[in-house]
Amino acid sequence: MFPPITLEILVLCLGFILLLAESFSNSPNKRTIPKIAIFCLGWVFACSFFTSGNPSTIEAGSLWNFYSGDETALLFKRIAILTTIGVLIISMDYESVVAKFIPSSRQGAGIGEFYILPIFTCAGLMLMASAVDLIMAFAALELVTISFYVLVAYMRGNTSTLEAGVKYLILGALSTGFFVYGITWMFGLTGETHLAKIAVKLAHLQDSDIPILFALTLVLIGLGFKVASVPFQSWVPDVYEGAPTPVTAYLSIASKAAGMLLLLRVVEPFLGVPTIAPKVLTVLALMAGATMIFGNLAALPQNNFKRLLAYSSIGHAGYLLTAVASVEGTHTAFGSVGATVGFYLFAYLLMTLLGFFSLTLVSTQSPGDDLQHFNGLSKRSPFVAFCLLVSMASLAGIPLTAGFYGKFLVFSQAINAKQWTLIGIGMITVAAGFYFYFRVVAAMYWQEPTDTTPIHVSPLSRFAMVALVVSIFFFGINPAPILSSLRSPATALAK
Amino acid sequence: MLTTLLLVPIVSAVALLLGKGNRSLTKFSALLQAAITLLVCLGYDTAKSGYQFVYELQPFVPSLDLKYSVGVDGLSVVMLLLTALVTTAAIWLSPTIEKRANLYDACVLLISAGATGAFLAKDLFFFYAFHELALIPTFLLIGLWGTGERQAAAWKITIYLGFGSIVLLVGLTDLFLSLPADLRSFDLEKLAAAAARHAIPASAQLRPWLLLTAGFGILISLFPFHSWAAPAYSSAPTPAAMLHAGVLKKFGLYGIIRLVVPFLPDALKQPVVGDWSAHDLLLLALLGNILYVGLVTIAQRKLDFVIGFSSVMHMGYIFLGIASMNITGLSGACLLMFAHGLSVAALFGITGIIREREGSLSFDRLGGAMKSMPYLGICFAMAAFASIGLPGFANFASETMVFFGCFQSGGTGFIRTATILALWGVVISAVYMLRAYRTVFLGEVPPARTGSSAWADLHGPAKLTLAALLGTLLLAGCFPKTLIAYIKPTLEAALR
């Protein structure tokens, strides 16, 4: 038993050691780096089950009062670690493409960092999941964002990657600005940066609530950018399309997960105040509705698979926000909003990662990553086609997959809170989702392949994909392991 | 035993997908499924009501009582029998496939597994989930091996059914959350007990009723939501059409009888739009099915569309039986589900055979088929008579019960008018069925097709399959009490 912070320290140390080792090594073959990283992250993941509970304390002078090691945070740390492992495996399949677009004098130069930067991102995400103090949250957010600035623009010989990098840099910096400004306002109004203390101060707020709502709006803008919610979603399709595929996977899963948890934590103190709560929930409901509509409807005409996944990721942010906006009256058998969001994100991790695995395999062994390159995939490689079928079915929310259970939790949450408008929108967007997810299936199974070369799948990728398929079915039938680990702290999370 | 029944098609489908096995495995699997179902039928003790052959695992989510749990009561036994019969017929009547035969057979088996699972699930979650299992195989079957506008039809059915099931999901969740917290459970048996105690107050029944009727209604092709059915059935390969029209559509009706009838009886009396109560709206919708779709059927010029629309039309009678809300009408509705499933499967099977031999189902290119295929012609005539509701077939017995039930329900208002109007539907179906028979099988062979007029009649197994379907219909028509004995206890409990 050791304190949860050990996990972040281990991950950071791993990153530094690998960085040093890489710079002193002359070997052109960088494949050892991700293998070591995956192995070590696996150990850290295992360690995460043996941490001692360390609920955050708010006594003055307590060193760790900005850090919470509760069960929800732990689950999100595990999501971050698993995503990183998956991303590293995808990166190994993707290495040839990266190498092509990095101008270098000798073989293998510049590849090593592509494997090492995600480890730092992972540490940032893990810290973000535990942040209960706004300053801490900001620092963690920056660690994540800055490493992403580099990763998104990594293939600097490719113009669309550069475009994505610039877009992400400018909009990311802007949203960070909003976030910091919001924190400043909150500090100015309450004199605190710790969320629990802010909650106490808010309960005794005497003056008009407009300034504090302004502060919250600024923070929501910053976080809205992270979770890709409307109206802060405009960067998503271009960045997702231009960024290297593993980085896209990382952005769409881990960045969203950590942003979502932070959003929950920031919003929580405001929901405890009867005068403010309805306004906050209205804003969240508006964002949720708009995000569901935009993400799902704009995905309909997409012909590029990465853009399709980008819009789908916006759509899923909408479902997640629906759960958050349905916070009222959450003490039901279905568990609370924290459990819903946690499970949904875990399911989203499984199915999206599987989708990106298949995408990387197809796009590196085909001329591109448009939907037409998936034509006849069921003949080229029945295995990859089946994996992608499972992933799409789960994203569309077909029962017996983890994605269905996530949607079920979201809808039951919304029904319980009587958010009938959001439910109506959700029903339509889910039906729209059937169309664009099944377009991929139609391409794979209905069409004839233009190129019949079989797709080579490395043993490690094959193992990871099988594991993902099995877990999608397992958690789709038996969601209890995730839900039960979330139940206790999540009820505390949603007041 | 029930788990074996579920595993047989799934295991065979997985084996086929992995490239092991061939058509014989599929046929064997279907026969095995039928054999096990027969054992279940014979082993089911009609003297005792309630679930039998129950097998449960520990709950996955204890707070929801969500668990893998199977069991059958009288109603599910009848539906399982229907599933097994239609599955066997669908596989034996299926034409030979050259293109990716294993995937084809696996899809057919998975549809059957989905239906089987939905009918034997004793847990609400699996009841819902297994039905959806059929969605992807249907999409692949129609898109890959369909005919005509197959891709448009595949999209239409998938999006319609996907939307229907999400409405259904919201409705089911709403129903679940309307229950008092201490009665909430995913176990259908416990839910039935809760329903018997009238757990949901009358004032809270309307919203879940509307959601569930719309959700199930889309799956059943209730009147305003019916437009997906006929194009999908006409494009679908024969076994998919047989299974979908014969079996999967009955899932929605099964769900209504299981959940809506016992839980939400008071919703029917509540006004929805102006003075129109929910009951009136339901009657209006089913009249749409019977009269409007009936007239649409008469106007069709292709055999597969005639049968597709006629299957939509007959859903109206089943809804009429449900709308009567008494034991006679509901028994009639359940019996009609069984009878309609068999007759429409036989009709689609025959249609598939004609399409395979002629390449078209357009009326102006068909005629005189009786000369070369007398056996097929007689089978078609019998299936058509059954579908019209001629005495002797189960359809007649059940439709009579439905009409009696409706008059018996004592409604003075709209239901009596609606029943009298619905009776005219029998005339309508006689018009289009007899006309279809005359055009396809009697008369002269059209000159455009004289070259290929020498069709061979059916081979042995196909003959036997059709005879089995029609024989069961006749048996059930002459001795409807045998099936009613299975169904009655469930319905009595539901109406309590």
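In the predicted model, the side of His131(B) facing the rest of the fold can be described by its contacts beyond the local sequence: once residues up to four places away are set aside, His131(B) touches Gly114(B), Ala118(B), Leu219(B), Leu248(B) and Phe251(B). His131(B) belongs to helix α5 of chain B, which comprises residues 124-133, and its relative accessibility of 9% places His131(B) in the buried class.

Because Tyr44(B) lies in the loop between α2 (23-43) and β1 (52-56) of chain B, while Tyr486(B) lies in helix α20 (residues 480-495) of chain B, the pair ties together parts that are 442 residues apart in sequence. Both partners are buried, Tyr44(B) at 6% relative accessibility and Tyr486(B) with a relative accessible area of 16%. A separate listing gives one aromatic cluster with members from chain A, namely Phe343(A), Phe404(A), Tyr405(A) and Phe408(A), and from chain B, among them Tyr55(B), Tyr68(B), Phe125(B), Phe126(B) and Tyr128(B).

Within chain A, helix α2 (residues 32-47) packs with helix α4 (residues 112-130) at an angle of about 20°, the two axes being 9 Å apart. As this angle falls under 35 degrees, α2(A) is roughly parallel to α4(A), and the crossing of the two helices is left-handed. On the side of α2(A), the contact involves Ile33(A), Pro34(A) and Ala37(A), which meet Gly112(A), Tyr115(A), Ile116(A) and Ile119(A) in α4(A). Classified by residue type, this contact of α2(A) with α4(A) contains six nonpolar residues, one polar residue and no charged residues.

Backbone geometry in chain A also shows several features of note. A cis peptide bond, with omega about 5°, joins Val230(A) and Pro231(A), and Pro231(A) is situated in the loop between α8 (210-227) and α9 (236-242) of chain A. Leu400(A), although not a glycine, has a positive phi of about 75°; Leu400(A) is found in the loop between α15 (382-396) and α16 (402-416) of chain A and is buried, with a relative accessible area of 10%. Lys418(A), likewise not a glycine, has a positive phi of about 60° and is placed in the loop between α16 and α17 (420-446) of chain A, where Lys418(A) is exposed, with a relative accessible area of 52%.

Methods:
Residues numbered from 1 in each chain as written. Chains lettered and ligands numbered in written order. Predicted model: local features only at pLDDT ≥ 70, side-chain atom pairs only at ≥ 80, totals over all residues. Heavy atoms only, no water. Axes fitted to C-alpha atoms, helices over the stretch in contact; angles between N-to-C directions. Helix = DSSP H or I, 4+ residues; strand = E, 2+ residues; numbered from the N terminus. Parallel < 35°, antiparallel > 145°, perpendicular 65-115°, else oblique. Left-handed = near helix turned anticlockwise from the far one by under 90°. Contact = heavy atoms within 4.5 Å. Nonpolar A, V, L, I, M, F, W, Y, C, P; charged D, E, K, R; others polar. Buried < 20%, exposed > 50% of the residue type's maximum accessible area, 1.4 Å probe, protein only. Phe/Tyr/Trp six-rings, centres within 6.5 Å; stacked < 30°, edge-to-face > 60°.
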